Amino acid sequence: DFELTLIEQEEIEAFNQVSQLNYTAKDFRRNIVTKGISLNDLVGQEFSIGEVTLLGLRLCEPCAHLAKTLGNGIMAHMSHRAGLRARILKSGSIQAHSEISL
């Protein structure tokens, strides 16, 4: 039910602060890292990043594999904050620092 996953940089930083760990965005296994936007607000919304048009499908909750990799504390802290699953409605290119627009 998804073709692309996104996560907020702010949530990664908050997890690191609470857990006193130093994980990077790639450790969270999402395709795109955002900054300055609430991904939870994009559930059910059509939005664009660069030339790509997406539909926010549902929250991307932490999975058992992620818990095994990053530790069990991730489940409690990242529940409802681990990102967004999205469907690609129109393909195109996304560059680093591409704007997200509704």
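**Reading the labels**

Modeller: Confidence first: this is a predicted model, and in the chain the mean pLDDT is lowest in helix 3 (residues 73–78), at 65, and highest in strand 3, at 97.

Biologist: What makes you careful with helix 3?

Modeller: Local features need a pLDDT of at least 70, and helix 3 has a mean of 65. Where pLDDT is low, the coordinates should not be read in detail. For the chain, the mean pLDDT is 85, with 79% of residues at 70 or more.

Biologist: Fine. What is the overall layout, read along the sequence?

Modeller: The pattern goes β-α-β-β-β-α-α-β-β, with three helices and six strands in the chain. Of the 102 residues, 33% are buried, which means they have under 20% relative accessible area.

Biologist: How do you know that the buried residues of helix 1 line one face?

Modeller: Helix 1 spans residues 9–19, and Glu11, Ile12, Phe15 and Asn16 are buried there. Looking down the axis, the buried residues fall within an arc of 140°, so they line one face of the helix. An α-helix has 3.6 residues a turn, so residues three or four places apart point the same way. Gln17 and Val18, on the other side of helix 1, are exposed. Just after the helix comes Gln20, with a positive phi of about 60°.

Biologist: And in strand 3, which side chains point to the buried face?

Modeller: Phe47 and Ile49 do, and both are buried.

Biologist: Why is strand 3 called paired with strand 4?

Modeller: Pairing takes at least two bridges. Four bridges join strand 3 to strand 4 (residues 52–59), and the two run antiparallel, so by that cut-off they pair. Ile49 stands opposite Val52 in strand 4. The hairpin has two residues between these strands, and Gly50 in it takes a positive phi near 60°.

Biologist: What makes strand 6 a partner of strand 3 as well?

Modeller: Two bridges, in the antiparallel sense, link strand 3 with strand 6 (residues 100–101). The cut-off is at least two, so that pair meets the definition. Here Ile49 stands opposite Ile100.

Methods: Residues numbered from 1 in each chain as written. Predicted model: local features only at pLDDT ≥ 70, side-chain atom pairs only at ≥ 80, totals over all residues. Heavy atoms only, no water. Buried < 20%, exposed > 50% of the residue type's maximum accessible area, 1.4 Å probe, protein only. Arc of directions from axis to C-beta. pLDDT = per-residue confidence, 0-100.
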